[in-house]
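Here is a briefing on one protein model. Look over the sequence and the fold, then read the points below.

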Amino acid sequence: MGTRPPKTFLPACLLPVTLLVLLIFSLATAGVVGALAWRWSPRTGPAARRMMATARKARLDPHTATGLGLTLALLVAVVGGVLVAVLAYLVRGNTDLVRLDNSVANWGDRHASSFSTDGLNAITHLGQPVVVAGLAAVLAVVETLRTRSRWVVPFLFVVVAGNGILTTTVKHIADRVRPALNPIAETLGPSFPSGHSSWSAAFFGAAALLLSRGRGAHARAAIAGIAAGLAVMVAGSRVLLDVHWLSDVIAGLALGSAWFAICAIAFGGRLLRFGAAADEAARVAEAHKVTAHPPTSRPASS
């Protein structure tokens, strides 16, 4: 999906330019996300690490798995949903965003070549629904065996299947026409939002959450950065192949990220148990209530 007729008239020095631009953006995204993940990772002292190591044999530490992480997930869900709505409104008129979409599409078409197209097609396959479903199945087996959690499969199923339903629904509502520069594009259905982008954002986000469970701050930061970089790389390939507009892939990344964030909240983040966040919030509230109003003992009657 996305193969364009090869172009061979470009000088050799221009052949890899689209791939280089895509690589730069992807690496920059990976670096920023990895740095933010490192910055916000909880730090623990020797005593806390010993306690967490003991507790990890039974279950993940709730104080590490909830709190800031779920707050950030809620923020991602809200911002992602608002961004999709704003973009859906802007692309329906002759706005600056539409003109930017056309400029980026024309740039990609001018710099297309057989070499860059082959590379972009290899990248874009990572976001195909069939490939994502296969990767999710492999990840489900690996993580279930590693963590012995019965919630891995339900979590991945909700993330992947729910994203597919949500993306398809929004596509049919928006019903946006794809770019005309690549003849293949008109056979692929509605353009907004990009399905490959939303599938990639949702799945790689879920994969990062699962793979980071029980690991140190360095590993969590690296996993988060790699996941974000891969999602952006797939999204960018859709634009450079001229099968999607730039705003399509931005909306796809926002939609997939928002849906993943909603699923992460529902399953309690790294606690990975449906309703865990609500249970933990209730436990904390009850603990605060007891601390603020300790029970008083009545004096013994004489």
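**Aspartate 175 and the overall picture**

Aspartate 175 is exposed, with a relative accessible area of 53%. Here exposed means over 50% relative accessible area, buried under 20%, and partly exposed in between, with a 1.4 Å probe and protein chains only. This is a predicted model, in which local features need pLDDT of at least 70, side-chain atom pairs count only at pLDDT 80 or more, and totals for chains, interfaces and linings use all residues. Residues are numbered from 1 along each chain as its sequence is written, and side-chain values use heavy atoms, with hydrogens and water left out.

**Overall make-up**

- The protein has twelve helices and zero strands. Helices (H or I, at least four residues) and strands (E, at least two) are DSSP runs, numbered from the N terminus.
- Of the 302 residues in the protein, 45% are buried.
- Take the contacts in the protein with a separation of 6 or more: residues 24 or more positions apart account for 82% of them. Contact means heavy atoms within 4.5 Å.

**Helix 8 and what follows it**

- Helix 8 covers residues 152-174, and its 23 residues should span 33 Å at 1.5 Å a residue. Its end C-alpha atoms are 33 Å apart, which agrees. The expected span is 1.5 Å times one less than the number of residues.
- Buried residues of helix 8 include Val152, Phe155, Leu156, Val159 and Val160. Asn163, Thr167 and Lys171 are also among them.
- These buried residues pack against helix 7 (129-147), helix 9 (195-211) and helix 11 (246-266).
- Valine 158 sits in helix 8. It counts as partly exposed, at 31% relative accessibility.
- Leaving out residues up to four places away in sequence, valine 158 touches Asn163, Trp259, Cys263 and Phe267. Valine 158 and cysteine 263 are 105 residues apart in sequence, but 7.3 Å apart in space, C-alpha to C-alpha.

**The loop between helix 8 and helix 9**

- Aspartate 175 lies in this loop, between helix 8 and helix 9.
- Proline 179 is buried, with a relative accessible area of 2%.
- Proline 179 touches Ala185, Ser191, Asp242, Val243, His244 and Trp245, not counting residues up to four places away in sequence.
- Proline 179 and serine 191 are twelve residues apart in sequence and 8.4 Å apart in space, C-alpha to C-alpha.
- Phenylalanine 192 and proline 193 are joined by a cis peptide bond, with omega about -10 degrees.

**Helix 7 against helix 9**

- Two packed helices are described by the angle between their axes and the distance between the axes.
- The axes of helix 7 and helix 9 come within 11 Å and cross at roughly 10 degrees. That makes helix 7 roughly parallel to helix 9.
- Helix 7 contributes Pro129, Val132, Leu135, Ala136, Leu139, Glu143 and Arg146 to the contact. Helix 9 contributes Trp199, Phe203, Ala207, Leu210 and Leu211.
- By class, this contact has ten nonpolar, no polar and two charged residues.
- Axes are lines fitted to C-alpha atoms, for helices over the stretch in contact, and angles run from 0 to 180 degrees between N-to-C directions. Angles under 35 degrees count as roughly parallel, over 145 as roughly antiparallel, 65 to 115 as roughly perpendicular and the rest as oblique.
- Ala, Val, Leu, Ile, Met, Phe, Trp, Tyr, Cys and Pro count as nonpolar, Asp, Glu, Lys and Arg as charged, and the others, Gly among them, as polar.

- Helix 10 has 24 residues, and 19 of them are buried. From first C-alpha to last, helix 10 reaches 34 Å, close to the 34 Å expected at 1.5 Å a residue.
- Arginine 220 lies in helix 10 and counts as buried, at 12% relative accessibility. A polar atom of its side chain lies 2.4 Å from the backbone oxygen of arginine 215.
- Aspartate 242 lies in the loop between helix 10 (217-240) and helix 11. It is buried, with a relative accessible area of 0%.
- Phi of aspartate 242 is near 60 degrees, a positive value in a residue other than glycine.
- A polar atom of the aspartate 242 side chain lies 3.4 Å from the backbone nitrogen of aspartate 109.
- Helix 11 has 21 residues and reaches 31 Å, close to the 30 Å expected at 1.5 Å a residue. Just after helix 11, glycine 268 takes a positive phi of about 75 degrees.

Technical notes:
Polar contact = N/O pair within 3.5 Å; in protein donor to acceptor, adjacent residues only side chain to side chain.
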